[in-house]
Amino acid sequence: MNKVKFFSWDNLFATLVWLLVLLFIPILTNLDFISPIQSAIGDICPSDIAFSKLQDQNVIPVDTNIVIVNIGTLDRKGIAAEIDYLKQFNPKVIGIDAFFRKTKTKEQDSALSCSIQSVPNIVLVSQLKSYNEAKDSFDTLQKSNDLFAKTTCSGFANFALDENKFRTVRIFSPKERVGDSTEYAFPANVVKLYNQKAFNNLIARSKTPEIINYRRNLPKYFIIDVNDIINHNFSDSLLNRKINGKIVLMGYLGNDTSKLMTEDVFFTPLNERFIGKSRPDMYGVVIHANIISQILENKYINSVPDKYSPWIIILIIYLNMFIFSWISKKYQDWYETFSLVFILFQLFVYFLLIVYAQTILQLSLNIDNIFIAVLLTATAFEIYTETVKPFFIGFKNKVFKNKNNIVSSR
Amino acid sequence: MKQKIIDVLVISVMVIFTIIILPLIMDINLLKSFKSFFEDFNISDIGLNQLRETEYPEADSNIVLINISNIDNNALFHLLQNLEEYSPKVIGLDKADDFQSNNFFQDTSSINLLNYVNQSSNIICTYILKDYSKVSGRMLSSKIGYNDLIDSVKKDYQTVREYNTYEKVNEHYVYSFAVKISENFNSKTLEKVKSRPESTERIFYKGNYKNFYSINSLESVHDLNPGLFKNKILLLSATDFLNPYKEYDKLYFTPLNERSVGRTFPDMYNIEIQANIISSLISNNYYTSMTKIEIALITVIIILLNIIIFRFTIDNYPKLYELISLLIVLIQTIIIIYLTIFCYRHYNYIIDLSMPIIGTIMSLIIFELYTESLKPIFIKAISKYRR
């Protein structure tokens, strides 16, 4: 009588009730005054903790392959002066994370154009626009004006931003289709010119999107500020050592690096606060630098494919239903206490699993929704066993009783 | 019956105990982000930005914001002279960073400016509370008001909702910049401020610089209609509202932020918040708050009521109990959230009902835990022991 089977209709129906409860949640979160709370909770990504809390920053070395140069609010002539100054130290590639769409004054444009043309390996940024869902490609690719872009190659600098997650960057796309052609990402093209083998590895993975393996912020790169160039704060020999044969990334790091500005700055998993309001922690150009470091170091984060994650979650829920069913039949008095402790224990275990899988195995389990799913299991189980099932049994008995009455009356 | 009353009381005590220890659990290092999130979370912020846009398209015509960034002290001295010719009621000068600096007084133009401010009858300057002794030595105490809003650490993750009208410094009370400005504009304001029960007031936000009259470029001051300044409050600050390159540390989170919860950028400069405070002071817009005792009382009543309803349902409709109890918790939570927003917006009444919401949820969990598990286990253990 009290035998509990792993495969049983009860466990299956309880899982179905859980699914129904889950479907009910969007109705609630669509209420005007609840949706902001939902979007705040949506910001949470447990694996962020692997980056922000468990990475020992003391162990991570400075990436000497990349030098980041701040362009601040310099005009085109100023940027040209920076390029001219940097090129004497023979960088292998210069990536400029700035757009030069329209022409300005002749003096400004010709200075920048001459500087860009005088350096062999320059990568400029482009921008993908108008995603065509039917074709799974972008219709438009915006590049800098031909005056600057004709002798350079370009890569798109779009970050994969979820409009519900305010300026939070967790992933990047190595390549995208634009019409019939393929456009590579800005960091991918920088790597292509620097280390073809690393670029080939990236392309061979054929994974879109890639999870960015954030390991470094400003202190882990050699930074040259606007004033450092103007005031010659670094000796030529030092700069030669740092820049010769390396990647130079030029981009905006604030008007000067000491002050955080609201322009081109983002939230990343390295942020010390993983929920709610916080200071943005990384400029766009540093995110590009992290992607480049990741490609060069071949430190990719693999992930369980999207198509498997719902099935993993359903399996876990079914297992929960089986355990609840077993406990409620074998140790009825202990069920409430056990279910509460078991749910809390599971939340803790899944949290550890997600975080440590990412830290140790470099694997994203892709089951961030498991927390809300597990929280609802006991409720769904109890609704099924104490309301739905008795109701159906009562209904069934009533129907059979009526049938028997009809048969006996005949 | 007696047993049922004992059950209700035991469960209520357990719920209240859980509510008390929850914040302590949040102190665990890994959960600190959650703690600061919940500390900052305020239901009444939700949707306030959209409401204020329609409610106050022109927040206050008595206040004019003037950007004085990129002008030196000599130009500022002349600007003040020019503005005073237009008979403003009061001029607020936000130079808190400069007036406490020793370097500021090294040239004659700065000294001229300081003397002019001290001699003027209607100029009030800002300072930061920690610099009080330094600034008060240089300027008359009637000429200064502090503009501190929030602790510099909390500023990174908390919304500015409140301000202090006065503070105690070196055994005597000093008033805030906004109170000083408002007092100069309307002498009755100070009486009202003094009559309020607390020094901490909730800010009645009406809008940002777009909702006040703001002049972002100095040249345009001379071209404007003098009537624009007559009998007005002019707030001068080195704040370039239109510059897209905003210095993050000069900005604050306010309830008018386009995203009331979660990740966002701060949205207002100090002077914009001061304008809102001044506006609320001169137009007598105050919020009334529910006291902590009242909130605790409501929480206890809700918990007791819930437990009684759960008990009644489980005794009379055991098959429907799970569904009904869940619906009760859901509906109660939605009603509490709605009530909070409604009272805040329509009656300027602040009811922080986050504790009753937690109480509602916990009452269900602990009721089931007690009636279906702890109590039967306890009874069995006792009877076993007696045998």
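Reader: Which residues of H12(A) are buried?
Author: This is a predicted model. In H12(A), the buried set is A:Ser309, A:Ile313, A:Ile316, A:Ile317, A:Tyr318, A:Asn320, A:Met321, A:Phe322, A:Phe324, A:Ser325 and A:Ile327.

Reader: Why would spacing matter in a helix?
Author: An α-helix has 3.6 residues a turn, so residues three or four places apart point the same way.

Reader: What span should helix H12 of chain A have, and what does the model give?
Author: Helix H12 covers residues 309-330 of chain A, 22 residues. At 1.5 Å a residue these should span 32 Å, and the end C-alpha atoms are 32 Å apart, so the two agree.

Reader: What does A:Asp333 meet in a salt bridge?
Author: Its side chain meets that of B:Lys380, at 2.4 Å, N to O. The pair crosses between chains. A:Asp333 is in the loop between H12 and helix H13 (335-360) of chain A, and B:Lys380 is in helix H14 (residues 354-386) of chain B.

Reader: A:Asp333, buried or exposed?
Author: Buried. A:Asp333 has a relative accessible area of 14%, and the cut-off for buried is under 20%.

Reader: And B:Lys380, buried or exposed?
Author: Exposed. B:Lys380 has a relative accessible area of 52%, and exposed means over 50%.

Reader: What does B:Asp7 pair with?
Author: The side chains of B:Asp7 and B:Lys375 form a salt bridge at 2.7 Å, N to O. B:Asp7 sits in helix H1 (residues 2-25) of chain B and B:Lys375 in helix H14 of chain B, so the pair ties together parts that are 368 residues apart in sequence.

Reader: Are those two buried or exposed?
Author: B:Asp7 is buried, and so is B:Lys375.

Reader: Which residues are linked in a network of salt bridges?
Author: The network links A:Lys277, B:Asp40, B:Asp45 and B:Arg161.

Reader: Take B:Asp45 and B:Arg161. Where do they lie?
Author: Their side chains meet at 2.6 Å, N to O. B:Asp45 is in the loop between helix H2 (32-40) and helix H3 (48-55) of chain B. B:Arg161 is in the loop between strand S4 (144-146) and strand S5 (162-164) of chain B, so the pair ties together parts that are 116 residues apart in sequence. B:Asp45 is buried, with a relative accessible area of 2%. B:Arg161 is buried too, with 10%.

Reader: And B:Asp40, what does it meet?
Author: A salt bridge joins the side chains of B:Asp40 and A:Lys277, at 2.7 Å, N to O.

Reader: Which elements give two or more residues to the side of chain B that touches chain A?
Author: H2, helix H13 (321-347) and H14 of chain B. H14(B) gives the largest share, 9 residues.

Reader: How do the residues on that side divide by type?
Author: The side of chain B that touches chain A has 27 nonpolar, 7 polar and 12 charged residues.

Reader: How many residues take part from each chain?
Author: The contact takes 46 from chain B and 53 from chain A. Between them the chains bury about 4,700 Å², 65% of it on carbon and sulfur atoms.

Reader: Which three residues of chain B supply more of the buried area than any other three?
Author: B:Tyr245, B:Arg263 and B:Phe265, with 18% of the area that chain B buries against chain A.

Reader: How many residue pairs are in polar contact between the chains?
Author: The count between chain B and chain A is 15.

Reader: Back to B:Phe265. Where is it?
Author: B:Phe265 is in the loop between strand S11 (251-252) and strand S12 (268-269) of chain B. At 13% relative accessibility, B:Phe265 counts as buried.

Reader: What does B:Phe265 touch?
Author: Leaving out residues up to four places away in sequence, its contacts in chain A are A:Phe166, A:Arg167, A:Thr262, A:Val265, A:Phe267 and A:Pro280. In chain B, B:Phe265 touches B:Tyr248, B:Phe253 and B:Asn257.

Reader: Last one. Where is B:Ser120?
Author: B:Ser120 is in the loop between helix H6 (108-119) and strand S3 (123-127) of chain B. B:Ser120 is buried, with a relative accessible area of 8%.

Reader: What is B:Ser120 in contact with?
Author: Neighbours within four places aside, B:Ser120 contacts B:Glu84 and B:Lys143. With B:Glu84 there is a side-chain polar contact of 3.1 Å.

Key:
Residues numbered from 1 in each chain as written. Chains lettered and ligands numbered in written order. Predicted model: local features only at pLDDT ≥ 70, side-chain atom pairs only at ≥ 80, totals over all residues. Heavy atoms only, no water. Helix = DSSP H or I, 4+ residues; strand = E, 2+ residues; numbered from the N terminus. Buried < 20%, exposed > 50% of the residue type's maximum accessible area, 1.4 Å probe, protein only. Contact = heavy atoms within 4.5 Å. Expected span 1.5 Å × (residues − 1). Salt bridge = Lys/Arg side-chain N within 4 Å of Asp/Glu carboxyl O. Buried area = accessible area lost by both parts, 1.4 Å probe. Polar contact = N/O pair within 3.5 Å; in protein donor to acceptor, adjacent residues only side chain to side chain. Nonpolar A, V, L, I, M, F, W, Y, C, P; charged D, E, K, R; others polar.
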